Amino acid sequence: MTHKYQSISSDIEQRILSGYYSDGNKLPTEEELGKEFNVSRNTIRKAVDTLVKRGYIMAVQGSGMFIRNIAQQDNSIINLENFRGLTADFQNSTIESQIIEFNETTATESLAEIMNCAVGTELYYINRLRIIDGKRWVVEYSYYNKQYIPFLNEDIINDSIYDYIRNGLNRQIGYVDRVIEAAPLNLRDAHLLGLQEGDPALISTNKSMFKTGEIFDYSIDIHHYKYTKFLKLSNL
């Protein structure tokens, strides 16, 4: 169950990310936000505290709450705080998908352990190259659990899988566990990204879950080191 303050926190977060509040500008007061959302100041305080902990807002003693500069203007940055998929996060860019492989498979022992499913569970396997504004950006190797994502086709894959999940299947994506590391490119991925074997790459290994906790997607993304930047907001 989503509490009211969590919903308000999410709404304010979306405003920050969309530029509704300019970087460095003061957030409306608790009283003003309480009136807007028709909730108590205590509920607003919990919502704001959540955003402070996530690094979106900073409290300046005696002055109020201010929006932190989160580098929205740099469209090469992937915000790890609120990654919704390339199509959603790069709305002002032209995104193309080149399908390398698309087939059905089953979960091996290792995949079953990672995806918290039974061995033999039916999966979709997708290998695609994502191209942003003509630049070969990332090679994706993804497994989708058919128990939760019962249907995929090339039209969906060429567009946005996550948009289809949110709007077509009406499922809420809640969490992504992500590990990022640097490693040299193998020959295959180097060729797809237009680089040389042994060149560096940023590799992101991801498990995506619904708000109800089920793992629906396990993927390994090989990012072009010249283009990709990751942003992680922190609060000490």
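Modeller: A residue is called buried when its relative accessible area is under 20%, and exposed when that value is over 50%. Please keep in mind that this is a predicted model.

Biologist: Then Asn127: buried or exposed?

Modeller: Asn127 has 0% relative accessibility, which is under the 20% limit, so this residue counts as buried. Asn127 belongs to strand β5.

Biologist: Which side chain makes a polar contact with that of Asn127?

Modeller: The partner is Arg188, and the polar contact between the two side chains is 2.8 Å.

Biologist: And what is Asn127 in contact with, leaving aside neighbours within four places in sequence?

Modeller: Gln98, Ile99, Ile100 and Glu101 are in contact with Asn127, as are Val139, Glu140, Tyr141 and Arg188. Of the strands, β4 covers residues 95-106.

Biologist: What is the strand order in the open sheet?

Modeller: The order is β4-β5-β6-β9-β8-β7, which makes 6 strands with antiparallel pairing. β4 and β7 stand at the edges with a single partner strand each, so one side of each has no neighbour in the sheet. From one strand to the next, the twist averages 15 degrees.

Biologist: How many bridges join β7 to β8?

Modeller: There are 11 bridges between β7 and β8, and the two strands run antiparallel. Strand β8 spans residues 200-210. Within that pairing, Ile173 stands opposite Phe210 of β8.

Biologist: Where is Ser219, and why does it count as buried?

Modeller: Ser219 is in strand β9, which covers residues 215-224. Ser219 counts as buried because its relative accessible area is 4%, against a limit of under 20%. Leaving aside neighbours within four places in sequence, the residues in contact with Ser219 are Tyr141, Ser142, Ser204, Thr205 and Asn206. Tyr141 is also in the contact list of Asn127.

Biologist: Which residues of α3 are buried?

Modeller: The buried residues of α3 are Thr43, Ile44, Ala47, Val48, Leu51 and Val52. An α-helix has 3.6 residues a turn, so residues three or four places apart point the same way.

Biologist: What covers those buried residues of α3?

Modeller: The cover includes helices α1 (4-18) and α2 (30-37), together with strands β1 (57-60) and β2 (64-67). After α3 comes Gly55, which has a positive phi near 95 degrees.

Biologist: How do β1 and β2 run, and how many bridges join them?

Modeller: β1 and β2 run antiparallel and are joined by 4 bridges. Ile57 has Ile67 of β2 as its bridge partner. The hairpin has 3 residues between the strands, and Gly62 in this hairpin takes a positive phi near 80 degrees.

Biologist: Which residues have a positive phi although they are not glycines?

Modeller: Asn116 is one of them, with a phi of about 55 degrees. Asn170 is another, also with a phi of about 55 degrees. Asn116 lies in the loop between α5 (109-115) and β5 (122-132), whereas Asn170 lies in the loop between α7 (161-168) and β7 (173-184).

Biologist: Are those two asparagines buried or exposed?

Modeller: Asn116 counts as exposed because its relative accessibility is 68%. Asn170 counts as exposed as well, because its value is 65%.

Biologist: What about Asp163: where is it, and which side chain does it contact?

Modeller: Asp163 is in helix α7. The side chains of Asp163 and Asn167 are joined by a polar contact of 2.6 Å. Asp163 is partly exposed, with a relative accessible area of 34%.

Biologist: Finally, how many helices and strands does the protein chain have, and what share of its residues is buried?

Modeller: The protein chain has 8 helices and 10 strands. Of its 236 residues, 41% are buried. The chain exposes about 12800 Å², of which carbon and sulfur atoms supply 45%.

Technical notes: Residues numbered from 1 in each chain as written. Predicted model: local features only at pLDDT ≥ 70, side-chain atom pairs only at ≥ 80, totals over all residues. Heavy atoms only, no water. Buried < 20%, exposed > 50% of the residue type's maximum accessible area, 1.4 Å probe, protein only. Areas by Shrake-Rupley, 256 points an atom, 1.4 Å probe, with all protein chains shown as cover. Polar contact = N/O pair within 3.5 Å; in protein donor to acceptor, adjacent residues only side chain to side chain. Contact = heavy atoms within 4.5 Å. Pairing = 2+ DSSP bridges. Axes fitted to C-alpha atoms, helices over the stretch in contact; angles between N-to-C directions.
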